Structures are given as structure tokens and as C-alpha cells.
Amino acid sequence: MVVKLAVEGKVKDRGVLDFIKEYQKRLTPYFKLELAELGEGGKYFEKLNKQNTAEIIIAMDAGGKKYTSEGFAEWFKAKRSLSKNITFVIGEATGLSLPARSAATEFLSLSDMTFSYKLSLMVMAEQIYRAVTIITGHPYHK
């Protein structure tokens, strides 16, 4: 199983990339966490629709469902049990592209506040790790 953090655009900030790499290492025993830089315009989703892959697309959007960390862990466990790859898509400053919105099976929100895509990537990496620690009973969450 692969979990992707996908951003519509490019991540050039070394600090953000290093942060993501740390959580990729931490998650290695459970699954592969990938960072995908999709570029602009939604071409990734057009290609994905033609491939019919077993992938769950979750769009990060202010209007999406909100969870506590424990609630997100339960949700994540249920999604992982479907044996499909999960992609969390984060839009750039202008928001999600229309193809990303169309491809999404669900919409999740990190907060009522608006975050930069860089901060959203870091929060999602940490929350995915936190969800795994809650599921496995690891003391990180406490």
C-alpha cells in the first residue's frame, strides 16, 4: 500500500522536504509515504482516470469533513482496510484544480483556518503518522 501526499505544484522549500522525509522514515514499517508534485492543471487526474487504478483520492478542502486525531485514525484505518492506495491532494494558493475536485472521492479539512500548501503537507504527514501510532498503540500520541 502507498499513501501519497500530493500537491498541485512544486515544493522547493528544503525545510518542508526534510520534514516530509522524516515522516517517510517513521512510516516505513507500515507503508510507503510518497510526496508527489503534480504540477498545475490537473493532468495527473486526467491520466489517472484513463488508468482506472485502485486509488482513493482525498481532496483537502476547507469545506471538507473535520476529524479529531482519534477520529482521523479510525477513518484512516477503515480506508487502509480497503487495500487501495490513498492520495491526499493539496491545492496551491488558488485552491484545488477542477480535475482534482472531480477525481476526489471525499473532501477533508484540516481546520476552519486556511493554511499554505507547505504547512498543509507537513500537518498531513504528521497526522498520518499520529493516526498510525494511535492504531498501533504506540506512545507517540500521548
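Predicted model: local features only at pLDDT ≥ 70, side-chain atom pairs only at ≥ 80, totals over all residues.
Let me start with Thr87, which at 0% relative accessibility counts as buried, where buried means under 20% relative accessible area, exposed means over 50%, and partly exposed covers what lies in between, with a 1.4 Å probe and protein chains only. Thr87 is found in strand E4, and here helices (H or I, at least four residues) and strands (E, at least two) are DSSP runs, numbered from the N terminus. Leaving aside neighbours within four places in sequence, Thr87 is in contact, meaning heavy atoms within 4.5 Å, with Lys4, Ala6, Tyr44, Glu55, Ile56, Ile57 and Ile58.

Residues are numbered from 1 along each chain as its sequence is written, and side-chain values use heavy atoms, with hydrogens and water left out.

Which strands pair with E1 in the parallel sense? One is E2, residues 32–37, over six bridges, and another is E4, residues 85–90, over five bridges, where two strands pair if DSSP finds at least two bridges between them. On the E2 side, Val3 stands opposite Leu33 and the bridge partner of Lys4 is Glu34, whereas on the E4 side Ala6 stands opposite Val89.

The open sheet has five strands in the order E2-E1-E4-E3-E5, with parallel pairing. E2 and E5 stand at the edges, each with a single partner strand, so one side of each is left without a neighbour in the sheet. Neighbouring strands of this sheet are turned by 30° against each other on average, direction ignored.

Now to the helices, for which axes are lines fitted to C-alpha atoms, for helices over the stretch in contact, and angles run from 0 to 180 degrees between N-to-C directions. H1 packs on the sheet, touching E1 and E2, and its direction makes about 155° with that of E2. H5 lies across E1, E2, E3 and E4, running at about 165° to E1. Just after H5, Gly137 takes a positive phi of about 80°.

I will close with two loop residues. Ser111, in the loop between E5 and H5, is buried, with a relative accessible area of 17%, and its side chain reaches the backbone nitrogen of Met113 at 2.9 Å. Lys84, in the loop between H3 and E4, is partly exposed at 36%, and it touches Met1, Ala54 and Ile56, not counting residues up to four places away in sequence. The C-alpha atoms of Lys84 and Val3, 81 residues apart along the chain, are separated by 9.1 Å.

Notes. Polar contact = N/O pair within 3.5 Å; in protein donor to acceptor, adjacent residues only side chain to side chain.
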